[in-house]
Amino acid sequence: MAHSDSFIPYEAQRISGKESAKRSADYRAYMDQRRSIRFFSNKPVSEEVIKNLIMAASTAPSGAHKQPWTFCAVSNPEIKTAIRKAAEEEEYKSYHGRMSEEWIEDLKPFGTDWHKEFLTVAPWLIIVFKKAFDYDGEEKRKNYYVNESVGIAAGILISAIHNAGLVTLTHTPSPMNFLQKILERPDNERPFLLLPVGYPIDDAVVPLLERKNEQEVIKYYK
Ligand code: IYR
């Protein structure tokens, strides 16, 4: 195998099979409590917490370890207002003609519409950008498996948010180039996902949904 000259020993966790079984069951149950929330409180969340969530996400594996992501953490009210205004303009057009009838029908159980109040109410918006390529000075450097890498980082971020007792929602206004403009990101960065982060209001509700069961999602080949 080709070798880097800088390999270091891996510190394995060395836990027993029994402990693995317990931890996996606990984590499964814990993650099963996660829900996408649309009703945010304006209760503040510290910058330290946001930093930890993002740096946990940034541990994600990535193609050739290029770490092709930037996370914009927005608490500035004027910027949140600008994002909400632009997102609602796009969403209005989507809900009034751009989305297919099937799509509108599929969204009925969630009660969503073009209003995106959470974009100004939640204390933080994290906007995940994918880096199509990187700049090394003037020179362009390739990134690999960018969508996969950034998708994995977003998944870890969502898990970290839940673990911190906070809630989020994967919001994908479409098209979302306006985020690149408002946040003045360079031309190698494209918006990937927008996550409001905060606490739910006391009387927040979520749609009654069922998750697919083991038989539906796992096909064993033993
Ligand atoms: N982006 C729109 C529509 C929307 C699409 C899907 I797929 C959802 O699961 C939820 C909403 C919006 O944010 O309202």
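This is a predicted model: local features need pLDDT of at least 70, side-chain atom pairs count only at pLDDT 80 or more; totals for chains, interfaces and linings use all residues.
Residues are numbered from 1 along each chain as its sequence is written, and side-chain values use heavy atoms, with hydrogens and water left out.

Okay, the overall layout. The chain has 8 helices and 6 strands; these are DSSP runs numbered from the N terminus, H or I with at least four residues for helices, E with at least two for strands. Going along the sequence, you get α-α-β-α-α-α-β-β-β-α-β-α-β-α. The C-alpha trace spans about 55 × 50 × 40 Å along its principal axes.

Now the sheet. It is open, has 4 strands in the order β1-β2-β6-β5, and the pairing is antiparallel; two strands pair if DSSP finds at least two bridges between them. At the edges sit β1 (69-74) and β5 (167-168), each pairing on one side only. β5 is joined to β6 (residues 189-198) by 2 bridges.

Strands β3 (residues 133-136) and β4 (residues 139-142) run antiparallel, with 4 bridges between them. Asp134 in that pairing stands opposite Arg141 in β4. The hairpin has 2 residues between its strands, and Gly137 takes a positive phi near 70° there.

On to the part you've been waiting for, the ligand. What surrounds the ligand? You'll find Arg38, Glu91, Tyr95, Met99, Trp103, Leu107, Asp113, Lys116, His171 and Thr172 (near here is a heavy atom within 4 Å). That shell divides into 4 nonpolar, 2 polar and 4 charged residues. For the classes, Ala, Val, Leu, Ile, Met, Phe, Trp, Tyr, Cys and Pro count as nonpolar, Asp, Glu, Lys and Arg as charged, and the others, Gly among them, as polar.

Let's look at polar contacts, meaning N or O atom pairs within 3.5 Å. Tyr95 has a polar side-chain atom 2.5 Å from a ligand oxygen. Lys116 also puts a polar side-chain atom 2.5 Å from an oxygen of the ligand. With Thr172 the backbone takes part: one of its polar backbone atoms is 3.5 Å from a ligand nitrogen. Taken alone the ligand exposes 380 Å², and the protein buries 69% of that (Shrake-Rupley, 1.4 Å probe). As for secondary structure, α3 (77-98) and α4 (101-107) are the elements that give two or more residues to the shell.

Last, a couple of backbone things to check. Ser174 and Pro175 are joined by a cis peptide bond, with omega about -10°. Pro175 is in the loop between β5 and α7 (178-182). Then there's Arg14: not a glycine, yet its phi is positive, about 50°. You'll find Arg14 in the segment before α1 (17-32).

Methods: A polar contact is a pair of N or O atoms within 3.5 Å; within protein, one must be able to donate a hydrogen and the other to accept it, and residues adjacent in sequence count only if both atoms are side-chain atoms.
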